[in-house]
Amino acid sequence: APGAEVTQEILLQEFKEMLKEATERRALPASARVEEAFHCKLKGQIVVDKKTLMELQNFQMPLAKGAFLRGSGLNLTTGRFTASISGIYQFSANVHIDHSELKSKLQLRARDTVRVLICIESLCHRYTSLEVITGLESNSKIFTVYVHGLLQLQAGQYTSIFVDNSAGAPVTIQNGSDFMGMFVGI
């Protein structure tokens, strides 16, 4: 049948493309393969009380396409990524902060800030940390703090996100805040 020839030709072309992709993937140098990488989102809201430093926990894999989890280093429950390979890692986080409770209760002061940190071994001051400090004088009810950069980890060391609320009232970290990381190289 004439339609069968067209279908066979399409299938043969698709097979050739899949074979080409598989061959190209296998031909990649080991350094081009991403062994450890993740993108996760916070499951629910977290309230960070006034004058409190808190580690963010309870993440999930996003349901939308494009999310990924490679390697075994990420613990979604604790929010900690443990390096399986010593080397350089790139991390980033988008932390959505709702400070409407603070704005409604009292006048914001210049010293009311929130720090978002990505720390090694929960020792934010002993090791180099990735850190962003932002004032709470934003007119929006919710704003996003973006922190990113590179950290060198030894095998077995972990990183996680901390929020340090120096303000006089609680702030709420919104679900959907995300944490991403990947192994860059040795």
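Modeller: Here is a short tour by strands, links and rings.

Modeller: First, this is a predicted model, where local features need pLDDT of at least 70, side-chain atom pairs count only at pLDDT 80 or more, and totals for chains, interfaces and linings use all residues. Residues are numbered from 1 along each chain as its sequence is written, and side-chain values use heavy atoms, with hydrogens and water left out.

Colleague: Okay. How many disulfides does a search of the whole structure find?

Modeller: The search of the whole structure turns up one. A disulfide here is a pair of cysteine sulfur atoms within 2.5 Å. The partners are Cys119 and Cys124, with their sulfur atoms 2.0 Å apart.

Colleague: Which hand does the link of Cys119 and Cys124 have?

Modeller: Right-handed, with 105° about the S-S bond.

Colleague: And is Cys119 buried or exposed?

Modeller: Cys119 counts as buried, because its relative accessibility is 0%. Cys124 counts as buried too, at 11%. For the cut-offs, buried means under 20% relative accessible area, exposed means over 50%, and partly exposed is in between, using a 1.4 Å probe and protein chains only. Cys40 is another buried cysteine, at 1% relative accessibility.

Colleague: Which residues point which way from β12?

Modeller: Tyr158, Ser160, Phe162 and Asp164 point one way, while Thr159, Ile161, Val163 and Asn165 point the other way.

Colleague: And which strands pair with β12?

Modeller: Strand β9 (residues 113-120) is one of them, antiparallel to β12 over seven bridges. Strand β3 (residues 52-55) also pairs with β12 in the antiparallel sense, over four bridges. Then there's β7 (residues 80-82), which is antiparallel to β12 and joined to it by two bridges. Two strands pair if DSSP finds at least two bridges between them.

Colleague: What about Arg115, where does that lie?

Modeller: Arg115 lies in strand β9. Arg115 is buried, with a relative accessible area of 15%.

Colleague: Which side chain does Arg115 make a polar contact with?

Modeller: The side chain of Glu131, at 2.9 Å. A polar contact is a pair of N or O atoms within 3.5 Å; within protein, one must be able to donate a hydrogen and the other to accept it, and residues adjacent in sequence count only if both atoms are side-chain atoms. Leaving aside residues up to four places away in sequence, Arg115 touches several residues, including His125, Val132, Phe162 and Asp164. Contact there means heavy atoms within 4.5 Å.

Colleague: Last topic, rings. How many aromatic pairs does a search of the whole structure find?

Modeller: Nine. One of them is Phe59 with Phe179, a tilted pair at 6.3 Å centre to centre and 45° between the planes. This pair ties together parts that are 120 residues apart in sequence, because Phe59 lies in strand β4 (residues 59-60) and Phe179 in strand β14 (residues 178-185). Rings of Phe, Tyr and Trp (its six-membered ring) pair if their centres lie within 6.5 Å; planes under 30 degrees apart are stacked, over 60 edge-to-face, and the rest tilted.

Colleague: Which residues do ring pairs link into a cluster?

Modeller: Phe38, Phe59, Phe81, Tyr89, Phe91, Phe179 and Phe183.

Colleague: And which strands pair with β14?

Modeller: Strand β1 (residues 37-42) pairs with β14 in the antiparallel sense over five bridges, with His39 opposite Met180. Strand β8 (residues 87-98) is antiparallel to β14 over seven bridges, and Ala93 stands opposite Phe179.
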